[in-house]
Amino acid sequence: MVEASLKPSGLTVGMRAVLEVLAQHGPATVPAIGERLDLARQGVQRHVNDLIERGHVESRTNPEHRRSVLITLTETGSDLINKVGEDELQHLSGMAQDCTVQEIAAAVKVLQALNRDVRRRALHLHNHQTGDANGQRAGDLQLDQP
């Protein structure tokens, strides 16, 4: 359903996710975007390349690292992700109309907790399999946030 709703915009779900990360968190490197999305850098790079080709993002010099560029939204990309978000909110506003705001807030809280705990469990299993005693990656510190 999500992919079908994005079809008119020319975005894939992965491209939409990259735009959303940039809209919410500002310019970022491809590895940082991958960390936020829990995706491999190579996959994120393909989405970024497609978005650059369409004029929705651009690469800029990274003052903190010479070889790792920052990816940033263009005005077109910002307008597009805002429109996609508005369209999604419009669509969602017609769903679960028999639920109260409090019930929806409780459901969101449960889903966020489940997401956090599943990610922690996956990280624990990964670290156990790879023998990583430290057990944290840079992006793991934000797991408690939506």
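Start by selecting T29, which sits in the loop between α2 and α3 (30-37). Helices here are DSSP runs of H or I with at least four residues, strands are runs of E with at least two, and both are numbered from the N terminus. Before you go on, know that this is a predicted model, where local features need pLDDT of at least 70, side-chain atom pairs count only at pLDDT 80 or more, and totals for chains, interfaces and linings use all residues. Residues are numbered from 1 along each chain as its sequence is written, and side-chain values use heavy atoms, with hydrogens and water left out.

Is T29 buried or exposed? T29 counts as buried because its relative accessibility is 15%; buried means under 20% relative accessible area and exposed over 50%, with partly exposed in between (1.4 Å probe, protein chains only). Now show its side chain, which reaches the backbone nitrogen of A32 at 3.1 Å. Contact means heavy atoms within 4.5 Å.

Next stop: helix α5. Select residues 75-93, and you have the 19 residues of α5, reaching 27 Å from first C-alpha to last. Colour G77, L80, I81 and V84, the buried residues of α5. They lie on the same side of α5, because they cover an arc of only 95° around the axis (the arc of the directions from the helix axis to the C-beta atoms). Turn to the other side of α5 and you'll find E75, E86, L89, Q90 and S93 exposed. What covers the buried residues? Among the covering elements are α1 (2-6), α2 (13-25) and β2 (70-73).

Now for the core. The largest nonpolar core has 19 residues, and L19, L22, I33 and V57 have the most contacts inside it. A nonpolar core is a set of buried Ala, Val, Leu, Ile, Met, Phe, Trp, Tyr and Cys residues joined through side-chain atoms within 4.5 Å. Of the elements, α2 gives the most to this core, with 5 residues. Click on L19: its contacts beyond four places in sequence include L73, L80 and I81.

Finish at residues 135-146, where pLDDT, the predictor's confidence in each residue from 0 to 100, stays under 50. Across the protein, pLDDT averages 86.

Conventions. Expected span 1.5 Å × (residues − 1). Polar contact = N/O pair within 3.5 Å; in protein donor to acceptor, adjacent residues only side chain to side chain.
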